[in-house]
Amino acid sequence: MQRPGVNIISIHGKTPKIHDTAFIAPGCTIIGDVEIGAESSIWYNCVVRADVFKIRIGERTNVQDGSVLHCDPPRPGDEEGSPLIIGDDVLIGHMAMVHGCTIHDRGFVGLGAIAMNKSVIGSDAMLAAGAMLTEGKVMEDRMLWAGRPAKPMKPLSDAAIAGMRIGVAHYTENAKHHSVAVEASLG
């Protein structure tokens, strides 16, 4: 599938694998050993760089404008390395930096937040806007963490979790509209 205005770059014999139903906005750069699942969306001016290890993004996950995703390779003393593994129905806010961590299904990364190598964001958990989840920290399911460095604040209410699910549905639908708009802009 042709993706106008998107830089898709193969490196070290690895080419990004992007599901046909995924929306990749113009201005994005997707590099190397990347897999992006069905109905996921990578919004304007994001960088997804898997030049040294792998990045996996599940289904219906959205990575919002200006975010940077990267990973670290295996090396002596760290044979597992730090791949970036993102589950299904994940929300990643604008200008987030997500590096070599794991985000379980339905996790949330707030605007401008940072998640570092080997950190884990649990299912239905939220890393607040501007927070920094330092290396190796593990957020439990359904918890809100905030601050720099991020610390547990409180369990998330059912209403907050429902709001995150509404956000996923919104971005999945909105990506379809943007896909049509991008195609139309080409003439």
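Colleague: Why is Gly-77 called exposed?

Modeller: Gly-77 has 73% relative accessibility. Exposed means over 50%, buried under 20%, and partly exposed in between (1.4 Å probe, protein chains only). So Gly-77 counts as exposed. Gly-77 lies in the loop between β8 (68–70) and β9 (84–86). Strands here are DSSP runs of E, at least two residues; helices are runs of H or I, at least four; both are numbered from the N terminus.

Colleague: What are these values based on?

Modeller: This is a predicted model: local features need pLDDT of at least 70, side-chain atom pairs count only at pLDDT 80 or more, and totals for chains, interfaces and linings use all residues. Residues are numbered from 1 along each chain as its sequence is written, and side-chain values use heavy atoms, with hydrogens and water left out.

Colleague: How many aromatic pairs does a search of the whole structure find?

Modeller: Four. Rings of Phe, Tyr and Trp (its six-membered ring) pair if their centres lie within 6.5 Å; planes under 30 degrees apart are stacked, over 60 edge-to-face, the rest tilted. One of the pairs is Phe-23 with Tyr-44, at 6.3 Å and 70°, hence edge-to-face.

Colleague: What makes Phe-23 buried and Tyr-44 partly exposed?

Modeller: Phe-23 has a relative accessible area of 6%, so it is buried. Tyr-44 has 23% relative accessibility, so Tyr-44 counts as partly exposed.

Colleague: Why is the pair of Trp-43 and Tyr-171 called edge-to-face?

Modeller: The ring centres of Trp-43 and Tyr-171 are 5.5 Å apart and the planes stand at 80°, so the pair is edge-to-face. Trp-43 sits in the loop between β5 and β6, Tyr-171 in helix α1 (residues 158–185), so the pair ties together parts 128 residues apart in sequence.
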